[in-house]
Amino acid sequence: MILRLKNIGKYFPIRGGLLSRVVGYVKAVDGVDLEVEEGDTYAIVGESGSGKTTLGKLSIKLLDPTFGSIEFMGRDVTFAKGKELKDLRRSTGIVFQDPYRSLHPRKKIIDIVSEPLIINGQDPEEAHKIAIEFASMVGLTKDLLYKYPHQLSGGQRQRAAIVRALIYRPRLIVLDEPTSALDVSTQAQILNLLEDLKKEFKLTYILITHNLQIVYHLANKVAVMYLGKIVEKGPVEKIFESPRHPYTISLLSSIPAIDYVFSGGKINIPRITPTGEPPSPTKPPKGCRFHTRCPFVIDICRREEPTLQPVEKDHYVACHLWQKINA
Amino acid sequence: MPILEVKNLKIYYFTPSGIVKAVDGVDLYIERGETRCIVGESGSGKSTLGMGIAGLIDHPGRIVDGEVIFDGKIVASKNGIYTQKLLGRRITLIFQDPRSALNPVMTVGEQISETLQHNLGLDRREAYKIAYDLLRKVEIPDPERVLHSYPHELSGGMAQRVVIAIALSTEPDLIIADEPTSALDVTVQAEILRLFRSLVKSGKRSVLFITHDLSVALEICDTTSIMYAGKIVEEGLTREIFEKPLHPYTQALLSSIPRIGLKTEKLMSISGEPPLMIEPPKGCRFHPRCPFKLEICDKQEPILINLSETRRVACHLYK
Amino acid sequence: MGDHMMMPETLRELMRRKLGVAGLIIISFIIILSLIAPLIAPYDPLDQRLDERLQPPSSKHLMGTDKLGRDIFSRILYGGRISLFIAVSSVVLATLIGMLIGLIAGYLGGRIDDLLMRITDMFMAFPSLILALAIAAMLKPGMFNVITAISLSSWPQYARMARAVTIQVKNEPYIEAAVSIGASNTRILIGHIIPMVIPQVMIQGMINLGGAILTAAGLGFLGFGVPPPTPEWGLMVSEGRDLIQSHWWISTFPGLMIFLSVVGFNLLGDQLRDIFDVRYR
């Protein structure tokens, strides 16, 4: 196991009033367990406010958890500092959603992508040489490396961001919506590239996305998040073939051009449209957090919060009614 | 007679670094009651086209050729723009970011009723009543509360519903919607699309729906025009395009939508990058990225030819 | 964004604006004159010729002479060096102080931020000329003390600006990316945040150069500036003050130079601000 998150949570304080006192918390992630095996592409799916990005950042300690623990390659790194933290940084990487904002606007691409090596004491000339090598692997020509980010297209910038995350050969990379800021035609290029790199470098991915089609293509495991909690998780095939949580089903039924997308014929899903909009994560509903939008809601859902139950091996769902909902 | 005709429209931006030919010779016909999608990637000129039809091109942009004919009258050409009186009444607009379309210091009720008072000459009480009905029509659960809310108190989806309500309020002939669901979450997008379909398609209203997402087009549009580098490269019934895309660009767009239940090793992708519109490629603008490039493609620009009553394509492969 | 890759673009933009060109011409004119002062000045600026006191402008003394018989034209040329030097050094010093404080406050946040910003507010509560006067009065007259007084009275605005930029940049994904690759705080501050802060503060400094010249002249005029016999413009105006009715040229020419340089820097500064405002939109 490369990564294990145990009952992890992150609360962001909301300050208000004259003295900017803490008046409440955004419970972005509120008690999540996640186990990622070496070689997985573990997708975390959810809508805005689900806490998926926060969970991604927690898993490589870009944020410190409010509670819970992080175990990376068998070592507890929840409170890692100094050399231990540096080692963790060396073995992990992240690619952000918006390639327009994740590259320093005043640095040349070559300096941006070789910085991880330089931080680790590599001599700049050597680092640049390695950068050029890696860049050609992701399809960035040498001349592009000597330009500034604003002179590159979105796809090219995202390739540069990938080089930066990859260059010291980490074990685990968090991909935070890696293609959602890109055009469709570029999106496919980047997804294919990520797939190739995974094989080449024996990587493990945590893929954060709202796009279930991408999940199906890239991931082998998926966790569906809603308002800071995982509501369903398991192998991708299982979740797509027999989703149990009403929220998972409604995510699947919300895919545009659904008939075309599912025209492979293997999968048939029932259609559920959730009503209304996700509530704010500052005040999640009592009981099951999805009950305000769930078409199957019964009394117990409003009172008691369901816990993750095994449906079968590796497939878990948090719903009072999962035995009745059978896709 | 179509409600909207666009003839050989050219909109160029005169920037310090050169002339950006954002829209470069577009013909478009929209019948009454038709919902037409314009699908293209960023930089294809799709939004400029929408703005051009609404007569909202700002400096340094300019219509350099062609005309926009609305309901039989020329409303925009290089000689002038006459859409002011139509906008907000017979032509309404919906944008990607609903909050930027709403006035932050006015309640929703004030905004809708102001539009109604101004455009339909209603008095305040009548206007509020209609506003209430409109909000119910766009399926806002508690219209009374929303009427007295300010835009920042609404979620993105709710705000977009309000914008749709305003856009529908004057019973327009044409609604121009530019990526109205792109900023929304998937489940919310599905809801808004469903709403759009049911509301807009009733009646003889026409819609020009601009999107980068071909799947969204299939959800709501009868007909679709695919734009690439300032030109329309293919059009037809949306269903037809999904069943049998003709232009290599459309084919590539379609096959880059990942499908579920069909595990393929690789997604088909278009190589290279979209061209810079300051110096678009000679001949067919797609030829540098086209897997089926012929001898003629970099020399002669293909024109849109009719293959059937509904189907048109601009590609040398079809002759 | 005034870094190397944007500089030619900025200059080209400036050349398209009439007022900007005017400012540029005035400033270049003054700078060149000051630089070549030893070559073109007809007299030593300190040379007193009591037999040629209070001469009106003539072909021999282009701008006349003062009550000690010094050639005003020569003094103005050399005075340009003094005024420009004071203005530029005080702005540089003030931006450095401001940037340091703003960076620390913005990056560390919390109590340190509160404390530093309250100190900044205290300094900002006084009009800067009054403050400069008070500081200059405490120190001994002299060029370096003038520079100190002006920079101590003008750093708060740079501190605020540097703090604002720092806070904004600190939250950008590219900083988070730097954290993710293991960059230390020092590295992030020096390598990632400062390069974003410097150009903005520099532009603000450019805009304020006119003000600094005026403050320097004001201090000189009131006798808190550079001590005589140094040819400083403000001091020269003051020296002709009681003779203004009978011998107008003694105060008028240095006054005119102060006016010209302030106008020049303001024109330039305003245009620069416009150019960058547009670009930040």
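Predicted model: local features only at pLDDT ≥ 70, side-chain atom pairs only at ≥ 80, totals over all residues.

Reader: Why is A:Val215 called buried?

Author: A residue counts as buried when its relative accessible area is under 20%. A:Val215 has 0% relative accessibility, so the term buried applies. This residue lies in helix α8 (residues 212-218) of chain A.

Reader: Which residues is A:Val215 in contact with, leaving aside its neighbours within four places in sequence?

Author: With those neighbours left out, the partners are A:Ala43, A:Val45, A:Thr209, A:Val222, A:Val236 and A:Phe240. Contact here requires heavy atoms within 4.5 Å.

Reader: How do you know that chain B and chain A bury area between them?

Author: Buried area is the accessible area that two parts lose on being put together, summed over both. For chain B and chain A this comes to about 3800 Å², of which 54% is on carbon and sulfur atoms. The contact draws 44 residues from chain A and 41 residues from chain B.

Reader: What makes a polar contact, and how many residue pairs across the interface of chain B and chain A are in polar contact?

Author: A pair of N or O atoms must lie within 3.5 Å, one able to donate a hydrogen and the other to accept it. By this rule, twelve residue pairs are found, both residues at pLDDT 80 or more.

Reader: Which helix gives the most to the side of chain B that touches chain A?

Author: That helix is α7(B), with six residues. By class, this side of chain B has 16 nonpolar, 13 polar and twelve charged residues.

Terms used
Residues numbered from 1 in each chain as written. Chains lettered and ligands numbered in written order. Heavy atoms only, no water. Buried area = accessible area lost by both parts, 1.4 Å probe. Polar contact = N/O pair within 3.5 Å; in protein donor to acceptor, adjacent residues only side chain to side chain. Helix = DSSP H or I, 4+ residues; strand = E, 2+ residues; numbered from the N terminus. Nonpolar A, V, L, I, M, F, W, Y, C, P; charged D, E, K, R; others polar. Buried < 20%, exposed > 50% of the residue type's maximum accessible area, 1.4 Å probe, protein only.
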